[in-house]
Amino acid sequence: MLDTVVRGGLVAMQSGPARLDIGIKDGVIVALRASDAAEPLTAARVVDATDRVVVPGGVDPHVHTSSPMPTLGDGISSYGPDRVSIAAAFGGTTTMLDFAHWHPGDDLADSFARKDADWKGRSYVDYGFHGTFREPEIPFEVLDQVADAVADGHATWKVWMTNTTPGRKWQKTDIGHIWGLMERTAAANAMLCVHAEDDDIVMYAYKRLQHEGRTDLTHMSEAHNQLSEQLSFQRVITLARHVGAPIYIMHVSAEVGVEAIRAARGSGQPVYGECLPHYASYSDEVYGHHNGAIYHTYPSLKAPEDRDAMWSALADGTLSTIATDSVCVDLDVKTTGKTIVDAVGGHVGVEVRMAVAYTEAVARRGLPLERYVDLTSRNAAKVMGAYPQKGEIAIGSDADLVLLDATQPHTITGSELHEADYTPWEGYVAAAWPTTTLLRGEVLVADGELTDAPAGGLLLKRSLGADVLARPAL
């Protein structure tokens, strides 16, 4: 007998939505049958999905947990995987990718083990790590360890091209060492993820704004500007072309960035771009609002035309994923900084991502349900090496499922959420809201209530498909 049947929902299949029953055994999807079939699936437990849209559990490829807050000094960090994963479960995300930072003196295995120790037994959802460097140079003996780490299931890596703010401890990796890492990730069939801003432009812009006495938060987009995005994207895309490497550019925020990615993909380069929901919904005008810092992460929000370019790029495939870059802290921490110099980066968004994306993609723009799945789970699973285990409703895939109630609007309030005590989406009317979330067949959230399921999230071992590595396959 099956363990569980999810019955009667409108299921988001790759070929289009269909009214199906989903049979689950040992955490895996083993049967898909028309809901009106003469012989219905039977199981020990039935989850009623009548009047629900059923989609794969969301995959958020960009979250920061237990992360030090650079502008606030030592000792202050974002919330850990326990709290953030509960928010993810309520919001319909069942897989998250965090960052395992290499420290000088570490072997790469030490970095991954340290991060796994923070997640293991504390997460309600499955997880993986990007191997991450925040030093100007990467020793050759560490580069030599990349291939072994990839073979151990760590298929993605990250670097920064900027220190982001003038007073921050070193974060940028020199372009030569990015070149060296890119050679190693390409040779190991791995993906290099990049925070791309031009450090020289950003730091000069800060100095100029400080010299002119224009340090109010409303000037943030002048420091983290379109020129910085254009130059850095062109530079790293050129480097990737030289190496023959796939790259994933995080948090695209400007139209010029979109155009750089579109041109690279048009020439056949395996370049993938990520957007965050607030870049596609807000512009730098909101920095002038009360508590305008709640909308901010790095790079900054930009002009209305940049915002307006995001959804067309998500719709036409130029941008591949919707992530959050989530850094979950409460409002008093988030609004500590008042200027471009001390503003706190990162913002909350794990819990509302699936609902906001459905509203903007399906309800407002008429995109097909399968494109919504591309943007919120399938493409991230593919480009991060977790597909088809994650990101698909198919025989053999993990039974990570979310039931969305799209029958009535839902007004988002910070008081109902679990990742922090505020939300930049306060008062936003969502066209759908997650009501039930399953991870590998285990019901985590049922009808909007957390079950007594344990924190059973597992570390993913990931490897990238040849098509994703060789060409713009998404």
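Helices (H or I, at least four residues) and strands (E, at least two) are taken as DSSP runs and are numbered from the N terminus. The structure described here is a predicted model, in which local features need pLDDT of at least 70 and side-chain atom pairs count only at pLDDT 80 or more, while totals for chains, interfaces and linings use all residues. Residues are numbered from 1 along each chain as its sequence is written, and side-chain values use heavy atoms, with hydrogens and water left out.

The protein contains 14 helices and 21 strands. Its radius of gyration (taken over C-alpha atoms) is 21 Å, close to the 23 Å given for 474 residues by the globule rule (2.2 Å times the number of residues to the power 0.38), so the protein is as compact as a globular protein of that length. The C-alpha trace spans about 75 × 50 × 45 Å along its principal axes.

Of the 474 residues, 62% count as buried, where buried means under 20% relative accessible area, exposed means over 50%, and partly exposed lies in between (1.4 Å probe, protein chains only). In helix H12 (residues 353-363), 10 of the 11 residues are buried, so this helix is largely enclosed by the rest of the structure; among them are Arg353, Tyr358 and Glu360. Ala254, in the loop between strand E12 (247-249) and helix H9 (255-266), also counts as buried, at 0% relative accessibility.

Side chains of opposite charge can pair when their charged atoms come close. With a salt bridge defined as a side-chain nitrogen of Lys or Arg within 4 Å of a carboxyl oxygen of Asp or Glu, the count comes to 25 salt bridges. One of these joins Arg378 to Glu392, with the closest N and O atoms 2.9 Å apart. Arg378 lies in helix H13 (residues 369-383) and Glu392 in the loop between H13 and strand E16 (401-405), so the pair ties together parts that are 14 residues apart in sequence. Both Arg378 and Glu392 are buried. Lys390 forms a salt bridge with Asp400, the closest N and O atoms being 2.7 Å apart, and both of these residues are buried as well. Lys390 and Asp400 also belong to a network of salt bridges that includes Asp126, Asp398 and Arg440.

Glu449, located in strand E21 (residues 449-450), is exposed, with a relative accessible area of 55%.
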